Amino acid sequence: YYIYRLSWDGDYFHIINDVTTISPVPTFPKYCEFSATEFVHADDSTDTVTMYRRVPGVSAFAPVGTPLTKTGLSNSALCRLNSTHIVLYDGATGDLSVYNWNGSVFTLVGTPLTGITGGIGSKLYAINSTTVVHCINATSNNTKVYTWNGSTFTLALTTQIGTSGNPKLSGLGTIQIAVGHDSGVYDFGAYYWNGSTLTLVGNTLYTGGTATPEIEHLYGKYFAYADIGSDDLRTLEYYNKEIRQIGNALIDASLDSAAIPMARIDGHHIAATNRTTDTLDIFQWDGINWKKKTTLSLGTVTASKLVAMNATDILVANNGVVQVYRWDKSANTLTAVGNSISSLSSPVGMSKVKGKLNEAFYFSNTGSYVTRFNWDGSSVLTESDEKTTVSVPRNGLVLDDRMFVLLMGSSPYTKFYKRDFHDQGYFTLKREDDSI
């Protein structure tokens, strides 16, 4: 178990050669910065709290003074209160205590507050020398704020931030904190303390893993991204060879669906189907925020995909049926228009022919085929006679009016196909390359 010291040059972190070995390997170690040359280390496996100080002229830290021994220390949390005091939470006894460090020993100050539930991974942070935030691993009331008058703690606030999941806690100044969780809708956010309440500042950001993500190009370097792992819709930018979030995410528990298929209508609007609410929704991006413009019930949404045929008409494949829905922008309503086509195998993808309105390809995994739909722009939807058998595609993307690429479930995973036109107007598929 090692302690490293890092420096930040504005672009990168660098490991400074101050590497300190902690032995024996601690159980759930906790630590906090105490000064520019000192940190405090709490070790549940040895029931101790130890001050470490950087050794002048030596690239390492070393323990100084006498460690604080607290028998049975478990599920502890630790933070610096001021230049001479630390706050220690002991999950075994439920005690929240303040200790003074005089340069060689820790001494208890005042009276501990008892009976506090914490659990594994709880975190402490002192907003200032009189206010301490305690985040615990719990499904309710997981954040508490205590005030310190020099001798006793008083509970000032009990609230819930996010959901359960090993919390992370850090400071953004004397009156703001950053709180994160390993799981949950509200995963990472900044909160402002006004003396009585904690208020979210700006938006929250999910930074964990993905779960059935969907992505749709908006314009230029901007993409709409929906992820049921975080129950949100956000905008991502490809910038300087990196992906970063732009603006605020729209957090909505109903986005926790099996997937959120999306279709670009224009650079600021997307359509999406939602299996949680069984709806077709229109979302708008104003450059900073996402908001839901309108919604239409589809009865039941299961295996669905969609594509915008033009600026107002959206072709939706759902439950083996394809239907066009029209978005009346002035009335802000969605309505089914024209005929539907049924008895289709479930789609794995739909893709519009680049540069052509009212024409889209339909890729089916269970049916192992590719087919094409045409919309007359008014009321008639037709399936072409170009249906072609393709072995178990996973998704597809039209590149131009002659080429498209299929993603497959087995090697080769990417196959390129070319349309060969005939006098009758239909086409056959020829596989061009297995390059990926």
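This is a predicted model: local features need pLDDT of at least 70, side-chain atom pairs count only at pLDDT 80 or more; totals for chains, interfaces and linings use all residues.
Reader: How do you know whether Cys-79 is in a disulfide or in none?

Author: A disulfide requires two cysteine sulfur atoms within 2.5 Å. A search of the whole structure finds zero disulfides. For Cys-79, the nearest cysteine sulfur belongs to Cys-32 and is 6.7 Å away; given the cut-off of 2.5 Å, Cys-79 is therefore in no disulfide.

Reader: What makes strand S8 and strand S9 a pair?

Author: Two strands pair if there are at least two bridges between them. S8 (residues 85–90) and S9 (residues 95–101) have six bridges, so they pair, in the antiparallel sense. Asp-90 stands opposite Asp-95 in S9.

Reader: Why are S7 and S10 called edge strands?

Author: The open sheet has four strands in the order S7-S8-S9-S10, with antiparallel pairing. Strand S7 (77–80) and strand S10 (106–113) each pair on one side only, and are the edge strands. From one strand to the next, the twist averages 25 degrees.

Reader: What makes strand S31 mostly covered?

Author: Of the six residues in S31 (residues 347–352), five are buried; that term calls for under 20% relative accessible area. S31 is joined by five bridges to strand S32 (residues 359–364), and the two run antiparallel. Gly-349 has Phe-363 as its bridge partner in S32.

Key:
Residues are numbered from 1 along each chain as its sequence is written. Side-chain values use heavy atoms; hydrogens and water are left out. Axes are lines fitted to C-alpha atoms, for helices over the stretch in contact, and angles run from 0 to 180 degrees between N-to-C directions. Buried means under 20% relative accessible area, exposed over 50%, partly exposed in between (1.4 Å probe, protein chains only).
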